[in-house]
Amino acid sequence: LWNEHQGERFRGSYEACLVELKKHALGEPTRRIDRPVVVLLHGLVRSRDAMDQLARYLTEKSEFQIINVAYASTHGQVEEHANSLARVVDNLGPVSELHFVTHSMGALVLRRYLHAAPGATRARPRRVVMLTPPNQGSQLARRFRDNPWMRTVWGASAVEIADWEPLAKQLATPDEFGIIAGGRGAILGGNPLVDGMDDGVVSIDETRLVGARDFLLLPVSHGSVLESPLVHQSTLRFLQNGFFLSEEERRPVLPPDPKPPSARPAQARC
């Protein structure tokens, strides 16, 4: 249970939280959220504390109601995390607008949440910002798939990301979303275990997802993306306007060109 003034009030199972909520409701009236809501969703092997800097920035610089969600990322599968997220969203009550900002595996949890079971209804966000998301799986997870250490520390969700194809079939695409990727390049050094430019954990290509309205590449690592002032500013700009820098500078992620190179028109040379 979470109170915007006092923080966490109670921690336990969903059923235990409902019992405790009824106790608090007797002397502490709940109020309807009357502002657009932004739900923050952290990544694997992290907690809501990782999103604190971003949460403070969005709270101070905007009129959004920020909900910083925690889930047991190393315990259970992505579907379980998505169901936990659904319970949080369902208990927000009616809100004027719903947005999400996710970090790393949090994007997969949101995409699994949007892939609702037949007959189920899930509140769809207006806008989503994905920070360094493994939208195409993870080379790093695949390399360590059979490593007992990975299975113990990273948990079942990491194994799912390593196997990827079964999980990928259960991931939906948001309606309006943007992606911020990290690429440190040769100067800052990349991860030798990851092919291509990367943020130390995820390659740039692994972050891409066709349909993204905007794509922004910054010289940040997988972890420092959460601390970057430029990331904070760009995230807020997308939530408010649908672009990271400006409408003219948007870089959408488009489907691959189906035409073979020989069938494409020749490019003019200067």
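Is E79 buried, partly exposed or exposed? With a relative accessibility of 38%, E79 counts as partly exposed. Here buried means under 20% relative accessible area, exposed means over 50%, and partly exposed is what falls in between (1.4 Å probe, protein chains only).

Before going on, a word on what you're looking at. This is a predicted model, where local features need pLDDT of at least 70, side-chain atom pairs count only at pLDDT 80 or more, and totals for chains, interfaces and linings use all residues. Residues are numbered from 1 along each chain as its sequence is written, and side-chain values use heavy atoms, with hydrogens and water left out.

**The whole chain**

The protein chain's secondary structure comes to 11 helices and eight strands. Those are DSSP runs numbered from the N terminus: helices are H or I with at least four residues, strands are E with at least two. Of the 270 residues in the protein chain, 45% are buried. The protein chain exposes about 14,300 Å², and carbon and sulfur atoms supply 52% of that area. Accessible areas like this come from the Shrake-Rupley method with a 1.4 Å probe; for residues, only the protein chains shown count as cover.

How about contacts, meaning heavy atoms within 4.5 Å? Take those in the protein chain between residues at least 6 apart in sequence: 75% of them join residues at least 24 apart.

**Two helices that cross**

Two packed helices are described by the angle between their axes and the distance between the axes. The axes of helix 3 (residues 78-90) and helix 4 (residues 106-114) come within 8 Å and cross at roughly 75°. That makes helix 3 roughly perpendicular to helix 4. The axes are lines fitted to C-alpha atoms, for helices over the stretch in contact, and the angles run from 0 to 180 degrees between N-to-C directions. On that scale, under 35 degrees is roughly parallel, over 145 roughly antiparallel, 65 to 115 roughly perpendicular, and the rest oblique.

Which residues meet there? From helix 3 there are V78, E79, H81, A82, L85, A86 and V89, and from helix 4 there are L108, V109, L110, R112 and Y113.

**Charged pairs**

Side chains of opposite charge can pair when their charged atoms come close. A salt bridge is a side-chain nitrogen of Lys or Arg within 4 Å of a carboxyl oxygen of Asp or Glu, and a search of the whole structure finds eight of them. Here are some of them:

| Pair | Closest N and O atoms |
|---|---|
| E79 and R112 | 3.4 Å |
| R124 and D175 | 3.0 Å |
| E247 and R213 | 3.1 Å |

Back to E79, then, which forms a salt bridge with R112. E79 lies in helix 3 and R112 in helix 4, so the pair ties together parts that are 33 residues apart in sequence. While E79 is partly exposed, R112 is buried, with a relative accessible area of 10%.

Next, R124 pairs with D175. R124 lies in the loop between helix 4 and strand 6 (127-131) and D175 in the loop between helix 8 (165-168) and strand 7 (177-182), so this pair ties together parts that are 51 residues apart in sequence. R124 is partly exposed at 39% relative accessible area, and D175 is exposed at 53%.

Then there's E247 with R213. E247 lies in the segment after helix 11 (229-241) and R213 in the loop between helix 10 and strand 8, so the pair ties together parts that are 34 residues apart in sequence. E247 is partly exposed at 35% relative accessibility, and so is R213 at 26%. Salt bridges that share partners join R127, E176, R213, E247 and R250 into one network.

**A few residues to look up**

H103 lies in strand 5 (residues 98-103). Its relative accessibility is 0%, so H103 counts as buried. Apart from neighbours within four places in sequence, H103 is in contact with residues including L41, H42, M51, L131 and H222.

Q139 sits in helix 5 (residues 139-143) and counts as buried at 13% relative accessibility. Not counting residues up to four places away in sequence, Q139 touches L193, V194, D195, S203 and E206.

R208 is in the loop between helix 10 (204-207) and strand 8 (214-218), and at 33% relative accessibility R208 counts as partly exposed. The C-alpha atoms of R208 and P134 are separated by 8.1 Å, though these residues are 74 residues apart along the chain.

Key: Contact = heavy atoms within 4.5 Å.
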